[in-house]
Amino acid sequence: SIIDELPPGRKEVKTSIINTQKRKEVYKFIRTQAQSGAQAFIVYPRVEVDDDESIETNAAVNEFNRLAQEEFPDIPIGLLHGKMKSEEKENVMTNFRKGFVKILVTTTVIEVGVDIPDATIMLIEGANRFGLSQLHQLRGRVGRNDFQSYCYLIPENEDALENERLKAMVHTNDGFKLAEIDLSQRGPG
């Protein structure tokens with residue numbers, strides 16, 4: 001079987017590459033959407049970064065407190081990553097699924113098997129660190145209802161804005177086309 005279309009009533013996820021200076025605008029949009037009942041994922045490529053590490057990409061644990069205190073102090077926000085105990089992860093996901101948590105700060109642990117119909121926004125930090133398949137899987141966590149959904153890709157720096165993988169994500173929601181692009185860019189194997 002080949003499934004090459006969206007389920008009835010679903011809309012394509014609008015995907016954009018956002019430079020780091022426009023992050024605050026995306027936060028404002030997330031806030032507005034969360035206040036009207038929608039939910040959002042904010043994905044980071046790492047669980048945490050030690051203070052002595054010099055790396056451009058932020059991490060879920062490090063950013064969770066900042067986001068909760070500075071950006072979304074009045075919106076219920078949760079944290080989920082692979083180093084958490086199973087019971088902790090299940091509690092966070094249950095609260096997110098039930099709508100008690102509006103914004104989930106996470107790693108790629110949510111890449112598959114997560115169905116939250118009210119999640120309409122996917123913000124992927126350090127997006128240039130992910131492959132096409134992974135970006136496509138992450139984007140698939142939103143747009144699971146009949147509301148318009150959005151995926152924002154924020155690369156680590158201005159140079160990464162020209163990343164061909166990210167451009168491919170903007171131009172198509174078709175997993176087959178993305179697989180072909182990935183094959184042509186990285187080769188087989």
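User: Is Leu123 buried or exposed?
Analyst: Leu123 counts as buried, because its relative accessibility is 0%, where buried means under 20% relative accessible area, exposed over 50% and partly exposed in between, with a 1.4 Å probe and protein chains only. This is a predicted model, in which local features need pLDDT of at least 70 and side-chain atom pairs count only at pLDDT 80 or more, while totals for chains, interfaces and linings use all residues. Residues are numbered from 1 along each chain as its sequence is written, and side-chain values use heavy atoms, with hydrogens and water left out.

User: Where is Leu123 found, and what is it in contact with?
Analyst: Leu123 is found in strand S5, with strands (E, at least two residues) and helices (H or I, at least four) being DSSP runs numbered from the N terminus. Leaving aside neighbours within four places in sequence, Leu123 is in contact with Val26, Tyr27, Ile30, Phe41, Ile42, Val43, Tyr152 and Ile154, contact meaning heavy atoms within 4.5 Å.

User: OK, on to H1, which residues are buried there?
Analyst: The buried residues of H1 are Arg23, Val26, Tyr27, Ile30, Gln33 and Ala34. They cover an arc of only 125° around the axis, which puts them on the same side of H1; the arc is that of the directions from the helix axis to the C-beta atoms.

User: And what covers them, and what is on the face turned away?
Analyst: The cover over the buried residues of H1 includes strand S2 (39-43), helix H2 (60-71), strand S4 (103-106), strand S5 (119-125) and strand S6 (150-154). On the face turned away from the buried side, H1 carries the exposed residues Lys24, Glu25, Lys28 and Gln35.

User: What span should H1 have?
Analyst: With 13 residues (23-35) at 1.5 Å a residue, H1 should span 18 Å, and its end C-alpha atoms are 18 Å apart, which agrees; the expected span is 1.5 Å times one less than the number of residues.

User: How do the axes of H1 and H2 cross?
Analyst: The axes of H1 and H2 come within 12 Å and cross at roughly 70°, the axes being lines fitted to C-alpha atoms, for helices over the stretch in contact, with angles from 0 to 180 degrees between N-to-C directions. That makes H1 roughly perpendicular to H2, given that 65 to 115 degrees counts as roughly perpendicular, under 35 as roughly parallel, over 145 as roughly antiparallel and the rest as oblique. Lys24, Tyr27 and Arg31 of H1 make the contact with Arg66, Leu67 and Glu71 of H2.

User: Changing topic, how many aromatic pairs does the structure hold?
Analyst: The structure holds 5 aromatic pairs, where rings of Phe, Tyr and Trp (its six-membered ring) pair if their centres lie within 6.5 Å, and planes under 30 degrees apart count as stacked, over 60 as edge-to-face and the rest as tilted. The rings of Tyr27 and Phe72 have centres 5.6 Å apart and planes at 75°, so this pair is edge-to-face. It links distant parts of the chain, with Tyr27 in helix H1 and Phe72, 45 residues apart from it, in the loop between H2 and strand S3 (77-80).

User: What about Phe41 and Phe96?
Analyst: Phe41 and Phe96 also form an edge-to-face pair, at 5.1 Å centre to centre and 65° between the planes. Phe41 lies in strand S2 and Phe96 in helix H3 (residues 86-97), 55 residues apart. Phe41 is buried at a relative accessible area of 0%, and Phe96 is buried with a value of 0%.
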